[in-house]
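The following note sets out some points for a colleague who is looking through this model.

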Amino acid sequence: MSTGVDEGLVRHIAMLSRLHVTDAEVARFASELSAIVNYVDQLSQVNTDGVEPTAHVLPIHNVLRTDEVVPSPGPEAALANAPQRQGTFFRVPKVLDQDSA
Amino acid sequence: MNLAETAHAIRKRKQSAVETVRASLDAISRLDGTFHAFIRVEAERALEQARRIDEAVAKGHPVGPLAGVPLAVKDNFCTTFGTTTCASRILANFKAPYDAHVIEQLDRAGAIVVGKTNLDEFAMGGSTENSGLFPTRNPWDSSRVPGGSSGGSAAAVALRMVPGALGSDTGGSIRQPASFCGVVGLKPTYGLVSRYGLVAFASSLDQIGPFARTAEDAALLLSVIAGHDPRDSTSVDRPVPDYLAALGRPLRGLKIGVAAEYFGEGLNAEVRTAVERALDVFRAQGADVTEVHLPHARYAIACYYLVATAEASSNLARYDGVHYGHRADGIDDVIEMYCASRREGFGAEVKRRIMLGTYALSSGYYDAYYLKALRVRTLLRRDFEQAFGKVEVIASPVAPTTAFRLGEKIDDPLAMYLGDVYTTSVNLAGIPGISIPCGFDAAGLPIGFQLMGPPFGEETLLAAAHQYQLVTDHHVRSPLG
């Protein structure tokens, strides 16, 4: 694979990560991420033809429970840490009527 | 007194829970100004719980196996008391609405949580310098790091502030600080301890485990926190063995594997010597040490830093300033609000890992990085499966060096990652690993060695560690002199 994460790619990843970064940070992350990506590139040497991926070590695929009503914390507990609230709602900046990302 | 002795003394009314908790709180107030192991101490709550335990004991009511024992927990466990910060500015004022499963288990056993310990922010790091609040200092040399990410829990146990503590281990975050601080640290098999209420970092790797000064105490703590919990879908439904009863198994005939891959370039000579001496002790006690091969172990760090960061980038997407946590002020666009809140709330290492993980998962790179890492993970697992067909445990160093100085590696993230060379395989393979004190270097810093076992091999690991501690005294030495 390619090596090197340039500043343009850092800005793209930062956008995907929903992180604001300053110009100074972009330069620093480009150099640090390049070094790390260079290192992890050694995996390309490993022959993995026909090897199944392991996403998870346990032989568990789906865990079901009986469909029973159990008590839930309720709106006050759910809203207790809200940065901003209005009544029993989380208040956020306007999401509609703008270009979606 | 160690944990088991403390619990016994309280039950037998030889000392009160209030005295015990007060002694713990005194040690914290005497030492924590220097070492900064704790983010928050819950003195009043702890003393109130201790009074209730003493009353129960006095009335002859049944009490739990850890009744009155003061313990510390890493601040990435949700608790309904105090705050749960993950040492991050983004959760600085977060009050969890529920207790983690392990907190409930400790409570049920009568243990008293005296406070919550420092960590690398969101458990990402190997030195506790990435804490968004302050760094923790090594108990043996305050100019050095305690290791991480569970550095606060390891330091608190080494400093005799508490006889035991809990941490979490995603790539070595229990075992490496245990090694740097000279205490026992156990990372259990994936699925043995419920992570309900553990703030998620990398969900296919995260596991909760105990710190203590002895393997016996670690066994006691594990017996309290292990077991099935339907609230964590990865929690395995199988009976919890009697870990204390298993400790008596002698070392004679124990099949120990040693892999050349764990003694290669980069291993400090003093650490190597101490680990080899530990193996000599096992041989002298009748253990059978043979060579095994783990050909893919050299790829563990590369594999780990792709899998862990990919999962972290997804898990940490929840910190968006909407439902809880920090929100940037005065921004009227919702995407801008997310970006600014995350920028202000996360530290540099967390941002680096979110970005690396996002990169590994992004279009055009997914197959080459994330999927490739998952395939290499399979090969690594098979290496261990094959080795455990021949031996019962595998011995190795925990870390290539002893504790390094604060600031020494902080500007070189890759150098910091390479310190995880002997610990990350255990998480990728989902197997248990224990770190046991086995000596000191010329500077007087502790050295640990690691025993790894097959899935659910905790009884064998704890017994081997216990039997080793019966004939050695490295774990008895105190940084307090």
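1. In which sense do strand 10 and strand 11 of chain B pair, and over how many bridges? In this predicted model, strand 10 of chain B, residues 433-440, is antiparallel to strand 11 of chain B, and seven bridges join the two. One pair of facing residues is F440(B) and P446(B), the latter in strand 11 of chain B.

2. The connection between these two strands deserves a remark. Strand 10 and strand 11 of chain B make a hairpin, with five residues between them. In that turn, G444(B) adopts a positive phi of about 85°.

3. Strand 9 of chain B, residues 393-397, pairs with strand 11 of chain B in the antiparallel sense, over four bridges. Here A395(B) has L451(B) of strand 11 as its bridge partner.

4. Turning to chain A, three helices and two strands are present. Their order from the N terminus is α-α-α-β-β. The radius of gyration of chain A is 22 Å, well over the 13 Å that the globule rule gives for 101 residues, so chain A is more spread out than a compact globule. The C-alpha trace of chain A spans about 55 × 45 × 25 Å along its principal axes. Of the 101 residues in chain A, 17% are buried.

5. The contact between the two chains involves 43 residues of chain A and 56 residues of chain B. On the chain A side, helix 1 and helix 2 (23-40) each contribute at least two residues. Helix 2 of chain A provides the largest share, seven residues. Sorted by class, the side of chain A that touches chain B consists of 30 nonpolar, eight polar and five charged residues.

6. A last point concerns confidence in chain A. The average pLDDT of chain A is 90, and 92% of the residues score at least 70. Within chain A, confidence is highest in helix 1 (residues 7-16), at 97, and lowest in helix 3 (residues 75-79), where the mean is 94.

Note on methods. Residues numbered from 1 in each chain as written. Chains lettered and ligands numbered in written order. Predicted model: local features only at pLDDT ≥ 70, side-chain atom pairs only at ≥ 80, totals over all residues. Pairing = 2+ DSSP bridges. pLDDT = per-residue confidence, 0-100. Contact = placed C-beta atoms within 7 Å. Nonpolar A, V, L, I, M, F, W, Y, C, P; charged D, E, K, R; others polar. Rg over C-alpha atoms; globule rule 2.2 N^0.38 Å. Buried ≥ 20, exposed ≤ 12 C-beta atoms within 10 Å, placed from the backbone.
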